[in-house]
Amino acid sequence: MTTTALIVDDSKLARLVVTKLLRQLKPDWEIAEAANADAAMTLVGERQVDVALLDFNMPGKDGLELAADLRAARPGMPIAVVSANIQDEIIARARSVDATFLPKPLTEEGLAGFLSGAALRLRRAAS
Amino acid sequence: MTTGTVDLTELQRDAFTELVNIGVSKAAASLRKMIGVQVLLSVPAVEIVSQAQAARMIGEREASELVVVQQDFTGAFGGRALLIFPQENGRELVRAVAGEDLSAEEVLELEDEALTETGNVILNGCLATMANLLQRTLSMSLPEVIRGDGPRIFQSASDEGNDALVLFLYINFAVRERDIRGYIAMLMDLPALESLKVLIDGFVERAIGETES
């Protein structure tokens with residue numbers, strides 16, 4: 001079964017960056033994209049999504065609100081919130097919905113740690 | 001409103017907004033360290049407008065007198081970065097930064113210094129992050145505090161009259177549990193924008209390994 005990662009960011013450039021890094025790290029994963037939280041929730045209802053990478057600062061619902069919605073819908077899903085906004089509250093809120101906080105600009109190294117953890121979690125859930 | 005030479009492609013505009021977003025987010029995190037409570041940010045808006053329109057956009061939102069901390073930057077591209085609040089909010093910010101126990105006189109006495117320092121942390125933090133991401137050095141002037149209404153403040157940003165087009169970027173910010181809100185704005189004239197475009201293309205290329213033609 002292929003793994004699908006969902007990238008949610010209002011910035012096309014930011015989505016391209018995550019896509020590029022994901023392709024390098026997990027070439028066999030499928031990638032789905034959404035430009036805002038509503039589109040992301042619709043997508044999750046329509047197709048399989050295993051891992052989510054969410055921008056924090058977006059028009060409409062922000063990435064942490066989306067993370068909470070996703071968490072309610074999919075209790076076991078690995079979720080990362082990506083932001084340059086490294087304020088304690090943001091990081092704490094990410095943690096409170098069991099999401100990983102990844103600092104922006106996203107690096108291959110930063111993403112690799114989250115992805116290996118996510119892959120492990122998915123394998124464990126599948127077995 | 002825009003001319004062919006100053007138009008940014010969708011990806012360039014997007015990349016610039018993202019660049020500013022990263023810069024401001026880092027700066028907000030520094031401000032949070034100074035005042036101990038969370039700083040909330042809006043999504044940045046980037047527009048190419050005339051100097052006069054930029055003044056109106058701020059002026060229409062704020063009827064009251066404004067206090068502005070501004071810093072000019074020069075280097076690979078140049079412009080002016082501004083931290084703008086309603087005058088009353090400026091004092092509240094001083095209390096947030098310098099402490100609750102200050103008397104009204106002390107706040108007044110410290111106000112410019114505290115505003116300068118706060119502006120420095122936010123504006124410098126934002127610009128330095130952007131410069132790093134663009135792999136260029138920017139020189140920043142010392143922060144300057146000015147007071148007045150929207151048109152007056154933006155008038156002083158240009159000597160050549162109000163018709164010159166500028167790249168105008170603004171972000172709302174607010175401080176949680178405090179009656180503090182304001183804007184971070186950036187103004188860039190067109191030659192600066194031309195050089196910026198080249199740098200943005202480089203940034204995009206490094207970020208995703210290709211540019212959109």
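This is a predicted model: local features need pLDDT of at least 70, side-chain atom pairs count only at pLDDT 80 or more; totals for chains, interfaces and linings use all residues.

Student: How do you know that the span of helix α3 (residues 87–98) of chain B agrees with its number of residues?

Tutor: Helix α3 of chain B has twelve residues, and at 1.5 Å a residue these should span 16 Å. The end C-alpha atoms of α3 are 17 Å apart, so the value agrees with the expectation.

Student: Which residues in α3(B) are called buried, and what makes a residue buried?

Tutor: A residue is buried if 20 or more other C-beta atoms lie within 10 Å of its own. In α3(B), this description applies to N89(B), G90(B), R91(B), L93(B), V94(B) and A96(B).

Student: Against what do the buried residues of α3(B) pack?

Tutor: Their partners in chain B are the helices α1 and α4 (104–134), together with the strands β3 (66–75), β4 (79–86), β7 (165–175) and β8 (180–189). Just after α3(B), G99(B) has a positive phi of about 125 degrees.

Student: How many residues of chain B are in contact with chain A, and what makes two residues count as a contact?

Tutor: Two residues are in contact if their C-beta atoms lie within 7 Å. By that criterion, 21 residues of chain B are in contact with 19 residues of chain A. On the chain B side, α1 (10–35), β1 (39–41) and α6 (190–208) each supply at least two residues, and α1(B) gives the most, with twelve. The residues of this side comprise twelve nonpolar, five polar and four charged.

Terms used: Residues are numbered from 1 along each chain as its sequence is written. Chains are lettered from A and ligands numbered from 1 in the order in which they are written. Helices (H or I, at least four residues) and strands (E, at least two) are DSSP runs, numbered from the N terminus. Ala, Val, Leu, Ile, Met, Phe, Trp, Tyr, Cys and Pro count as nonpolar, Asp, Glu, Lys and Arg as charged, and the others, Gly among them, as polar. The expected span of a helix is 1.5 Å times one less than its number of residues. A residue is buried if 20 or more other C-beta atoms lie within 10 Å of its own, exposed if 12 or fewer, and partly exposed in between; C-beta atoms are placed from the backbone.
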